[in-house]
Amino acid sequence: MSQPCRAVIIFCKVNGIDYEEIKVHISKGQHLTPEFAEINPMKQLPAIADGRFKLFESHAILIYLACAFPGVADHWYPADVFKRSKIHSVLDWHHSNLRRGAAPYVFNTTIAPILGRPLNPQVAAEAEIILSSSLSKLESFWLKGNGRFLLGGNQPSIADLSLVCELMQLEVLDEKDRTRLLGPHKKVQQWIENTRNATSPHFDEVHRVIMLAKERQQHQRLKAAKNEGGSNMKRPLVSRM
């Protein structure tokens with residue numbers, strides 16, 4: 001389910017990097033165990049162990065994979081220092097903008113009850129402001145020009161993969177809510193589709209877990225609406241006489 005984990009896994013699959021996936025269940029607190037802390041003392045996901053070398057933070061992991069494994073196409077993390085620096089600027093912007101909006105918004109409107117946590121409308125409202133602003137910046141600045149990907153490129157970089165995986169969590173929202181947020185941003189929608197196509201079929205394979213979560217959420221909403229409708233039908237009519 002983790003957005004940055006999905007980005008790392010897709011990158012490995014697309015580039016033929018052999019790996020063993022170890023699932024860590026956040027809902028069960030497995031990321032808080034002493035065993036996991038040996039891999040990542042910060043007790044967050046994702047983290048990797050390549051032999052004796054251990055690394056955490058998804059952006060750092062993507063950079064390491066792009067540099068350490070032969071056969072990774074240059075467009076993912078270009079050797080050109082100017083292009084590489086631009087990618088770093090997007091990745092840094094991501095953590096202080098898009099991620100600060102998308103993750104808490106989805107958590108506090110949809111995911112929290114699944115993890116036994118209460119929804120927080122105030123945090124969701126604040127996160128929506130950041131998310132909407134970030135989507136506008138993506139549309140007007142990072143995706144300006146005729147390129148199909150960030151920074152005007154015609155092939156994806158690790159920045160495209162990281163940011164698109166961030167936005168894919170919006171799939172679990174109510175469809176009206178998702179349309180309200182993404183609907184005005186046609187370039188962003190096309191960019192998401194371009195990234196999906198460039199990493200096919202692995203993109204859809206890895207995001208299957210998100211689509212299953214989306215189906216469960218839709219089922220729960222329909223069930224809740226049906227129950228609410230039934231309750232309304234049972235309410236006694238108040239006479240106007």
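Is Glu 166 buried or exposed? Glu 166 is buried, at a relative accessible area of 1%; buried here denotes under 20% relative accessible area, exposed over 50%, and partly exposed the range in between (1.4 Å probe, protein chains only).

## Basis of the description

The model is predicted: local features need pLDDT of at least 70 and side-chain atom pairs count only at pLDDT 80 or more, whereas totals for chains, interfaces and linings use all residues. Residues are numbered from 1 along each chain as its sequence is written, and side-chain values use heavy atoms, with hydrogens and water left out.

## Overall architecture

The protein contains 11 helices and two strands. Helices (H or I, at least four residues) and strands (E, at least two) are DSSP runs, numbered from the N terminus. In order from the N terminus, the elements read α-α-β-β-α-α-α-α-α-α-α-α-α.

Along its principal axes, the C-alpha trace extends over about 80 × 50 × 30 Å. The protein has 241 residues, of which 39% count as buried. Of the contacts between residues at least 6 apart in sequence, 66% link residues at least 24 apart; a contact means heavy atoms within 4.5 Å.

Domain 1 covers residues 3-68 and domain 2 covers residues 74-214, with bounds that come from an automatic or database domain assignment. Their C-alpha centres are 20 Å apart. To the contact between them, domain 1 contributes 17 residues and domain 2 contributes 23 residues.

The size of an interface is often given as the accessible area lost when the parts come together. Between domain 1 and domain 2, about 1800 Å² is buried, and carbon and sulfur atoms give 75% of this area. Buried area is the accessible area (1.4 Å probe) that two parts lose on being put together, summed over both. Seven residue pairs between the domains are in polar contact, both residues being at pLDDT 80 or more. A polar contact is a pair of N or O atoms within 3.5 Å; within protein, one must be able to donate a hydrogen and the other to accept it, and residues adjacent in sequence count only if both atoms are side-chain atoms.

On the side of domain 1 that touches domain 2, α1 (3-14) and α3 (58-68) each supply at least two residues. The largest share, nine residues, comes from α1.

## Surroundings of Glu 166

Glu 166 is located in helix α7 (residues 158-168). Its side chain makes a polar contact of 2.9 Å with the side chain of His 94. Apart from neighbours within four places in sequence, Glu 166 is in contact with Gln 3, His 94, Leu 98, Arg 99, Ala 102 and Ala 103.

By contrast in accessibility, Lys 226 is exposed, with a relative accessible area of 67%. Lys 226 belongs to helix α11 (residues 208-234).

## Backbone features in loops

Two cis peptide bonds are described here. One joins Leu 45 and Pro 46, with omega about 0°; Pro 46 lies in the loop between α2 (34-37) and β1 (47-50). Another joins Ser 200 and Pro 201, again with omega about 0°, and Pro 201 sits in the loop between α9 (186-198) and α10 (202-206).

Glu 57, a residue other than glycine, has a positive phi near 80°. Glu 57 occupies the loop between β2 (53-56) and α3 and is partly exposed at 35% relative accessibility.
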